[in-house]
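Student: I have a model open and would like to go through it with you. Could we take it piece by piece?
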Amino acid sequence: MASKPKASTRLEYEISRSRDESNWKKVAELADQLNQRSTGFDVLVNFLLGECKLEHFLEENPPIEANVAKAKTGLAEPKRFLQTCISEQGAKLNVMRDAHLLLAKLLYAQGSHEEALNHLGKGGLDSLTEKQLSNRIMKVVAESFAIKGLCLEKIPPSSTSKFKTAEREEQILSALVRAGDLALRYLQEVERTQGNTGGTVPQLSGAPSSSPLPPTTEYRIGPILETALQRAPILYIKNGKLSNAIEQYRKALTAVETSSTQSLRQTMSRQLAEVLLRGVSEKNYADFGLKREGKNPESPWKPRKYVGPK
């Protein structure tokens with residue numbers, strides 16, 4: 001993942017914090033400062049500029065089909081910045097992998113699904129080990145898995161073999177499930193650390209109020225991760241795996257709640273209720289209870305979950 005600049009401890013901290021907070025205007029300002037103060041950081045500056053220009057564009061123009069044409073022209077500049085990081089110098093500064101993952105996101109927004117998958121492969125997405133990540137990198141990795149699943153779903157299969165079809169479906173679902181797990185963990189970590197490191201761009205819910213209580217702060221995961229979270233159980237249903245779909249809904253709903261997931265949880269709860277009412281008979285219904293299995297598992301890539309009583 002991207003290394004931190006060594007030019008200035010203060011500047012290093014500000015860049016890291018601003019990236020975690022998705023404060024892209026500030027990132028651009030800090031990249032300019034880094035460029036003026038230090039030499040030998042051209043590629044790192046290009047990476048930061050490419051990242052902030054990409055994310056700023058997608059905040060205003062979400063990566064949906066209706067915006068593909070706009071993305072093809074509007075993302076030309078960040079694409080050039082990120083492409084300069086695919087180099088020996090980019091590898092030395094440890095930004096080349098991140099650049100590949102961000103280029104995959106950029107190409108997904110442009111509707112270039114095969115190229116996006118190519119960059120995910122070059123970025124070594126499937127070889128990443130489950131370890132603690134900064135909030136920013138956790139979101140990048142989560143989105144990368146989501147993009148992998150969504151791109152595979154968009155590209156027509158190259159074979160009609162039942163085995164190949166099943167293998168492809170498993171690849172898609174595996175990527176979307178991992179994306180969903182990381183997305184929920186990301187929101188939990190952002191909310192846990194917001195007191196000292198901030199979070200992604202806060203979304204204040206509701207109109208201005210005279211209440212003495214602080215406003216509710218919601219941290220947005222964006223349309224890519226929201227789609228991944230809701231798409232996985234739908235694909236299980238489409239593939240005739242109703243029990244897997246129900247289990248996927250339940251896994252998401254037993255994750256420790258954050259203020260940012262309340263609306264999403266309501267949507268998924270309603271979808272689960274509809275699935276149970278329409279597709280499951282009383283005879284086949286499997287009761288679900290929180291099971292306490294010792295300590296709550298602490299995989300850094302999986303959301304913390306509610307556990308039952310001792």
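Student: To start, where is the place of Asn94?
Tutor: Asn94 sits in the loop between α6 (88–92) and α7 (96–109), where helices are DSSP runs (H or I, at least four residues) numbered from the N terminus. Before going further, note that this is a predicted model, in which local features need pLDDT of at least 70, side-chain atom pairs count only at pLDDT 80 or more, and totals for chains, interfaces and linings use all residues. Residues are numbered from 1 along each chain as its sequence is written, and side-chain values use heavy atoms, with hydrogens and water left out.

Student: And what is the phi of Asn94, given that it is not a glycine?
Tutor: The phi of Asn94 is positive, at about 65°. Asn94 is also partly exposed, because its relative accessible area is 38% (buried means under 20%, exposed over 50%, and partly exposed in between, with a 1.4 Å probe and protein chains only).

Student: Moving into α7, how many of its 14 residues are buried?
Tutor: In α7, 12 of the 14 residues are buried, so that the helix is mostly covered; among them are Asp98, His100, Lys105 and Tyr108. After α7 comes Gly111, with a positive phi near 80°.

Student: What should the 14 residues of α7 span, at 1.5 Å a residue?
Tutor: They should span 20 Å, and the end C-alpha atoms of α7 are 20 Å apart, which agrees; the expected span is 1.5 Å times one less than the number of residues.

Student: How far apart are the end C-alpha atoms of helix α9?
Tutor: For α9 (residues 135–154), with 20 residues, the end C-alpha atoms are 28 Å apart, in agreement with the 28 Å that the helix should span.

Student: Switching to packing, at what angle do α2 and α3 pack?
Tutor: Helix α2 (residues 24–37) and helix α3 (residues 42–60) pack at about 165°, with their axes 9 Å apart, the axes being lines fitted to C-alpha atoms over the stretch in contact and the angles running from 0 to 180 degrees between N-to-C directions. The two helices are therefore roughly antiparallel to each other, a label for angles over 145 degrees.

Student: Which side chain does Arg19 contact?
Tutor: The side chain of Arg19, in helix α1 (residues 9–20), makes a polar contact with the side chain of Glu51 at 2.8 Å. A polar contact is a pair of N or O atoms within 3.5 Å; within protein, one must be able to donate a hydrogen and the other to accept it, and residues adjacent in sequence count only if both atoms are side-chain atoms. Arg19 is buried, because its relative accessible area is 11%.

Student: What does the side chain of Thr193 reach?
Tutor: The side chain of Thr193, a residue of helix α10, reaches the backbone oxygen of Glu189 at 2.8 Å. With a relative accessible area of 12%, Thr193 is buried.

Student: Last topic: how many disulfides are there?
Tutor: A search of the whole structure finds 0 disulfides, a disulfide being a pair of cysteine sulfur atoms within 2.5 Å. Cys52 is buried at 4% relative accessible area, and Cys85 is buried at 0%.

Definitions and conventions: Angles under 35 degrees count as roughly parallel, over 145 as roughly antiparallel, 65 to 115 as roughly perpendicular and the rest as oblique.
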